[in-house]
Amino acid sequence: MIDLHTHSTASDGSCAPERLVALALEAGLTALALTDHDTLAGIERAREAAAGTGLRLLAGVEIEIAREAGEFHLLGLGLSDRRDGLEAALIQVRVDRNVRNLRMVARLQEAGFPVSMEELREIAGGEVISRAHFARLLVRKGIAGSIGAAFSRFIGKGKEFYEPRTCLALGEACALIRASGGLPIVAHPLSLGLRGPALRQELSSAKAAGVAGIEAWHPNHSVKDCQMLARLARALGLAVTGGSDFHGSNIPQRKLGRTAGGREVPDGLLDALALHRAAR
Ligand code: AMP
Ligand code: MN
Ligand code: MN
Ligand code: MN
């Protein structure tokens, strides 16, 4: 069993990188990719924790790609230690994110909701503050009844307090990930909001822009959809990956090493990825 999509306290997960590695060993994983949003800050800590154990630690990242409708998240898997270009771009992404966060806090305050950057920083614990942290703060203050309600009423795309942030373009993000030795993979492809020929067309264009594979296996997909995505990947000459998108207690139903339908993420996906890498 492996897991190619996980988050730590460096972004919006609840487990520190060392704890994530300990949990992975406990669960019997043979490989773990740490793929925090917009930051590489947890990778060294995870790598040190994994050193000398049987666990293979893959350096990774998850980046949102600019897009009108739907959500396009790109994973960078298997980054090398030479990733200065990617790091520089992520610093800018985090600056844009912080500016967006300040705008959202100001607008919430103007509307009479007592939220502050200090409280968000405390909830986040790392350098990346996301709308997931805003949602937790709104719930904690009794402003929203649940995380889902916080998004659907206040901060989801198109809602009153939603503020856009600057995201990388797909071609640029793929180039940065490849220059850092990683493979660009479309995360949870159904969040694009497409199906059938439109999905096929979008993934085909993504390949032309530099994408190497798709995360067919994700807990937000049904098993049938995962199988459909794996077939689509094969037809398009894209690699297939899978993971849990583990966030610890922040998304408690996600389990390390488990994906759609509670299935184990098979080791074989890592071999397929390595083959694809050798062939590129
Ligand atoms: P940000 O990158 O700061 O704009 O925040 C995006 C993050 O918010 C995503 O990575 C999700 O973790 C979370 N998110 C977005 N929409 C929802 C939703 N409807 N319900 C729960 N979490 C969401
Ligand atoms: Mn997340
Ligand atoms: Mn995602
Ligand atoms: Mn994720």
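Reader: Where in the chain is the place of Ser-11?
Author: This is a predicted model in which local features need pLDDT of at least 70 and side-chain atom pairs count only at pLDDT 80 or more, while totals for chains, interfaces and linings use all residues. Residues are numbered from 1 along each chain as its sequence is written, chains are lettered from A and ligands numbered from 1 in the order in which they are written, and side-chain values use heavy atoms, with hydrogens and water left out. Helices (H or I, at least four residues) and strands (E, at least two) are DSSP runs numbered from the N terminus. In those terms, Ser-11 is placed in the loop between E1 and H1.

Reader: Is Ser-11 buried or exposed?
Author: Buried means under 20% relative accessible area, exposed over 50%, and partly exposed in between, with a 1.4 Å probe and protein chains only. Because the relative accessible area of Ser-11 is 1%, Ser-11 counts as buried.

Reader: Which residue has a side chain joined to that of Ser-11 by a polar contact?
Author: Contact means heavy atoms within 4.5 Å, and, not counting residues up to four places away in sequence, Ser-11 touches Asp-36, His-37, Ala-124, Val-128 and His-133. A polar contact is a pair of N or O atoms within 3.5 Å; within protein, one must be able to donate a hydrogen and the other to accept it, and residues adjacent in sequence count only if both atoms are side-chain atoms. The Ser-11 side chain reaches the backbone nitrogen of His-37 at 3.3 Å. The side-chain to side-chain polar contact, at 2.5 Å, is with Asp-36.

Reader: Which residues coordinate the manganese ion (ligand 2)?
Author: Donors are N, O and S atoms within 2.8 Å of the metal (3.2 Å for Na, K and Ca), and water is not among the atoms, so sites may look incomplete. The donor residues of this ion are spaced D-x24-H-x209-H in sequence. At 2.1 to 2.2 Å, the manganese ion (ligand 2) is coordinated by Asp-12 (OD), His-37 (NE2) and His-247 (NE2).

Reader: How far apart are the manganese ion (ligand 4) and the manganese ion (ligand 2)?
Author: The manganese ion (ligand 4) is coordinated at 2.1 to 2.2 Å by His-5 (NE2), His-7 (NE2), Glu-62 (OE) and Asp-245 (OD). Glu-62 lies in strand E3 and Asp-245 in the loop between E7 and H10, so this pair ties together parts that are 183 residues apart in sequence; both Glu-62 and Asp-245 are buried. The distance between the manganese ion (ligand 4) and the manganese ion (ligand 2) is 4.6 Å.

Reader: What distance separates the manganese ion (ligand 3) from the manganese ion (ligand 2)?
Author: Glu-62 (OE), His-73 (ND1) and His-188 (NE2) coordinate the manganese ion (ligand 3) at 2.0 to 2.2 Å. Since His-73 lies in strand E4 (residues 72-77) and His-188 in the loop between strand E5 (183-186) and helix H8 (196-208), the pair ties together parts 115 residues apart in sequence. His-73, at 11% relative accessibility, counts as buried, as does His-188 at 8%. The manganese ion (ligand 3) and the manganese ion (ligand 2) are separated by 5.8 Å.

Reader: Which residues lining the largest pocket are the closest to its centre?
Author: On a 1 Å grid over the protein atoms alone, a cavity is a set of points where a 1.4 Å probe fits but cannot get out, and a pocket is an open set with protein on both sides within 12 Å along at least five of seven lines, lining residues having an atom within 4 Å of a point. Grid points are joined across faces, edges and corners, and a volume is the space filled by probe spheres set on the points. The largest pocket has a volume of about 980 Å³. Of the 39 residues that line the largest pocket, the closest to its centre are Asp-12, His-37, Glu-71, His-73 and Phe-151.

Reader: Which element gives the largest share of the lining of the second largest pocket?
Author: The second largest pocket holds about 160 Å³ of space, and its lining includes Arg-56, Leu-183 and Arg-277. E3 and H10 are the elements that give two or more residues to this lining. The largest share, four residues, comes from H10.
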